Amino acid sequence: MQTAAPSPQSRRWIPALVAALAIPTFIAFWIGGNLRAGLIWGSLSIVFAIVLVLGGRSDTIRLLRGEDDDERAFALETQATTLTAVVLIVALAALFLVTAARGENPLVYGLLLLLAETTHLGALAVLNRRS
Amino acid sequence: MKNDVRELRGERGLSQAELAGALNVSRQTINAIETERYTPSLPLAFALARYFGKSIEEVFHADGSA
């Protein structure tokens, strides 16, 4: 019987990953011919990475960085991820409906909703078998 | 869930950080348990009870009784 041990080093890579996302973001916008938008969106990634690094004593930032990585942190992370997924799915559904009502093609939003639903069903099936 | 963790820790003169270190959890988790904002998993509840040399029922009170 074990309780989850804190692992201060566990997610130190997260700020670096967030900052690194600026590079493909910038390249994608550059290829698309919109250098200025690429710089803005890329900068957002870097600002978020800096907040993660300099977040210091904030418990929330520590949770994001995985410094208090125990069972409560895992439970909070799971709940936060669930809430994030619900917000994203509601937003996608709203965009799907608004796009369709405007007479435009809502295919991208529809496919993303389909992906979300099939992922949810698949995850439930696998988790149900494992538990 | 109501519990006696704060009282038991106080009797032993332990800080939240010391108890957290002994149980391999964060200080925030001990604080959340003591203030009843977090109900620990069964393994952690067992670990807490064993640490204090008591049964789970003596440390945690599911029916709300002290």
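Author: Helices (H or I, at least four residues) and strands (E, at least two) are here DSSP runs, numbered from the N terminus. This is a predicted model, in which local features need pLDDT of at least 70 and side-chain atom pairs count only at pLDDT 80 or more, while totals for chains, interfaces and linings use all residues. Residues are numbered from 1 along each chain as its sequence is written, and chains are lettered from A and ligands numbered from 1 in the order in which they are written.

Reader: What is the radius of gyration of chain A, and how does it stand against the globule rule?

Author: The radius is taken over C-alpha atoms, and the globule rule is 2.2 Å times the number of residues to the power 0.38. For the 131 residues of chain A the rule gives 14 Å, and the chain is well over that, so it is more spread out than a compact globule, with a radius of gyration of 19 Å.

Reader: How many Å separate the centres of the two domains of chain A?

Author: Chain A is divided into domain 1 (1–69) and domain 2 (70–131), with bounds that come from an automatic or database domain assignment. Taken over C-alpha atoms, the centres of domain 1 of chain A and domain 2 of chain A are separated by 22 Å.

Reader: Which residues of α5(A) are buried?

Author: Helix α5 of chain A (residues 71–101) has 31 residues and reaches 45 Å from its first C-alpha to its last, close to the 45 Å expected at 1.5 Å a residue, where the expected span is 1.5 Å times one less than the number of residues. A residue is buried if 20 or more other C-beta atoms lie within 10 Å of its own, exposed if 12 or fewer, and partly exposed in between, with C-beta atoms placed from the backbone. By that count α5(A) is hardly covered, with 3 buried among its 31 residues, and those in question are Glu71(A), Arg72(A) and Ala73(A).

Reader: Which elements of chain B are included in what covers the buried residues of α5(A)?

Author: The cover includes a helix of chain A, α4 (59–65). From chain B it includes α3 (27–34) and α4 (42–51).

Reader: What radius of gyration does chain B have?

Author: Chain B has 5 helices and 2 strands, in the order β-α-α-α-α-α-β. With 66 residues, a compact globule would have a radius near 11 Å, and chain B agrees with this at 11 Å.

Reader: Which residues does Ile30(B) touch, not counting residues up to four places away in sequence?

Author: Two residues are in contact if their C-beta atoms, placed from the backbone, lie within 7 Å. With residues up to four places away in sequence left out, Ile30(B) touches Gln16(B), Leu19(B), Ala20(B) and Val25(B).
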